[in-house]
Amino acid sequence: MTSLQSPPLSAEQAAPDSRALRLVRILLPVAVLAAGIALWELVVRLNNIPPYVLPAPVAVFRTLITDWPVLSQSLVTTLVTTLEGFIAAAIGGVALALLFNQSKWLEYSLFPYAVILQVTPVIAIAPLLLIYLPQHTAVVVCAWIVGFFPVLSNTTLGLNSVDRNLAGLFQLYGASRMQTLRYLKLPSALPFMLGGLRIAGGLSLIGAVVAEIAAGSAGAGSGLAYRIAESGYRLNIPRMFAALLLLSAAGIVIYGLLALTSHLVLRRWHESALGKEN
Amino acid sequence: MAEPAASSETSSGASSLAVSLRGVTKVYDNGLNALGPLDLDVRKGEFVSLLGPSGCGKSTALRLIAGLNAPTSGSVRVSHRAGHERARDSIGFVFQEPTLMPWANVRENVRLPLKLSHAPAVQASAHVGDALIRAGLAEFAEAYPRELSGGMKMRVSLARALVTDPDILLMDEPFAALDEITRFRLNNDLLSLWRNLRKTVIFVTHSVFESVYLSQRVVVMTPRPGRLGAEIAIDVAERGEEFRTSAEYAAYCREVSHALTPLQSGRPGS
């Protein structure tokens with residue numbers, strides 16, 4: 001949520017009406033967007049640029065509406081893939097972190113491979129996966145590969161960030177391993193875990209898109225990334241832009257939902273979710 | 001480490017001693033010789049302060065009594081009630097920081113020791129309610145730690161230590177981080193709790209005034225490795241704000257300060 005950091009205030013702004021300030025911070029980017037679109041439209045019209053080179057914004061929106069049946073189906077396909085990859089990443093990341101936390105041997109044995117999986121570009125792995133796995137599975141696995149590492153590493157960090165004195169207290173009262181995990185380690189790790197999930201949401205979308213492009217095959221269940229590739233071959237540039245717009249919107253919505261979830265879960269107690277007045 | 005067998009025993013029965021340390025030493029893994037050899041007896045129901053310069057091992061001694069660490073050598077004996085299986089069932093511990101779970105409200109924080117020992121829910125709720133009232137927290141049961149002041153957080157920590165009805169209360173500089181006014185109030189509250197509940201209290205502090213005000217006996221420890229430096233009995237019938245401003249109090253403070261000073265000289269930086 002670093003984007004919400006307020007800029008340094010000058011002396012006369014030191015005691016601003018916070019509602020007016022918030023309004024300005026919403027209106028300013030909207031104004032920039034409107035100006036950008038207007039300029040784009042203007043440039044296209046004044047120079048008579050043909051739509052197969054650069055479509056005007058109005059043309060893109062028109063395509064979005066006329067092609068909605070095709071695009072919406074693709075959007076659903078991509079979203080489902082992303083969701084499957086994200087859920088797999090969330091479960092896999094948290095489960096692995098818990099296993100690593102309980103057994104050092106397991107951590108030493110497997111952690112290097114988690115890192116290797118993370119640092120190898122997924123776009124290079126995708127074609128191989130498509131050879132060995134059914135297409136849909138391969139796409140989900142790609143989304144999982146890019147998504148699970150931030151969940152794993154953040155959760156591991158969180159599980160290791162337990163307050164020492166609290167751990168001593170649990171020891172004093174003879175807490176079992178399960179109790180320590182449930183009442184101490186998991187709540188301590190929750191803010192870190194949610195941070196990891198927030199990153200994983202966006203990455204799952206990227207993983208799904210990369211795999212779809214690598215797969216590049218048509219069919220009923222073809223996602224937005226495939227539509228972009230296909231429209232590119234056909235020089236249907238407005239549709240490329242329309243699909244791109246949808247992908248971008250999907251990414252924003254995913255991030256927003258996860259940020260909101262994180263805020264709702266943590267708002268009562270965690271520093272990151274507290275207002276400035278505290 | 002080829003030390004004489006370190007033991008951490010418990011004894012139930014008629015002994016009048018709550019805690020007994022014999023030749024206890026603690027050498028940490030990094031070679032730091034933190035404590036001892038230390039001999040210390042604490043009678044049941046007694047209020048004892050461990051006073052000493054920082055780093056003299058008084059917190060270490062407390063952790064050894066609590067069973068949080070094992071002694072390198074020597075024996076730690078903690079008496080416990082017949083119904084209690086282990087020594088730690090009879091011990092309540094208050095840390096220097098409030099050490100609360102930020103994700104849980106006051107009630108859940110106080111309930112924690114009972115939850116960990118699988119106490120029946122109805123009984124636990126009653127105990128939690130009692131502890132909250134005793135610590136003056138009844139109105140704050142649903143508040144979260146971040147919503148409380150430093151003094152209130154410390155009260156929660158105290159309520160949590162009392163909720164298991166322990167015989168022995170171990171307190172590790174619990175009020176050191178509080179402002180003086182709050183500390184005075186908590187000192188008085190602690191004294192009335194001690195009078196009413198008759199717990200054994202071992203109170204670690206680096207404040208001469210606090211140790212004299214609170215305890216029946218002040219144990220002055222030497223700089224690291226901490227040993228018994230001097231013992232001063234504070235023989236007062238009535239403790240309260242009047243005692244705090246009396247000549248008797250000032251005299252005791254002077255005596256304890258004098259006992260502390262020669263132990264410190266020649267050991268700079270401790």
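**Close-ups of a two-chain predicted model**

**View 1. Helix α9 of chain A and its buried side.** In helix α9 (residues 224-233) of chain A, the buried residues are L224(A), A225(A), Y226(A), R227(A), I228(A) and S231(A). Buried here means that 20 or more other C-beta atoms, placed from the backbone, lie within 10 Å of a residue's own. Helices are DSSP runs of H or I with at least four residues, strands are runs of E with at least two, and both are numbered from the N terminus. The cover over the buried residues of α9(A) includes α3 (68-102), α8 and α10 (237-266) of chain A. Just past α9(A), look for L235(A), which takes a positive phi of about 55°.

A quick note on what you're looking at: this is a predicted model, where local features need pLDDT of at least 70 and side-chain atom pairs count only at pLDDT 80 or more, while totals for chains, interfaces and linings use all residues. Residues are numbered from 1 along each chain as its sequence is written, and chains are lettered from A and ligands numbered from 1 in the order in which they are written.

**View 2. Where chain A meets chain B.** Here 15 residues of chain A are in contact with 16 residues of chain B; contact means that the C-beta atoms of two residues, placed from the backbone, lie within 7 Å. On chain A's side, α7 (164-172) and α8 (177-215) are the elements that give two or more residues. The top contributor is α7(A), with 7 residues. Sorted by type, chain A's side has 8 nonpolar, 5 polar and 2 charged residues. Nonpolar covers Ala, Val, Leu, Ile, Met, Phe, Trp, Tyr, Cys and Pro, charged covers Asp, Glu, Lys and Arg, and the others, Gly among them, are polar.

**View 3. The two domains of chain B.** Chain B splits into domain 1 (15-79 + 167-264) and domain 2 (104-165), with bounds from an automatic or database domain assignment. Their C-alpha centres sit 25 Å apart. Between them, 8 residues of domain 1 are in contact with 5 residues of domain 2. Helix α5 (residues 180-197) of chain B supplies the largest share of domain 1's side, 3 residues. That side has 7 nonpolar residues, 1 polar and no charged.

**View 4. The two domains of chain A.** Chain A comes as domain 1 (14-49) and domain 2 (66-273). Taken over C-alpha atoms, the centres of these chain A domains are 32 Å apart.

Definitions and conventions: A residue is buried if 20 or more other C-beta atoms lie within 10 Å of its own, exposed if 12 or fewer, and partly exposed in between; C-beta atoms are placed from the backbone.
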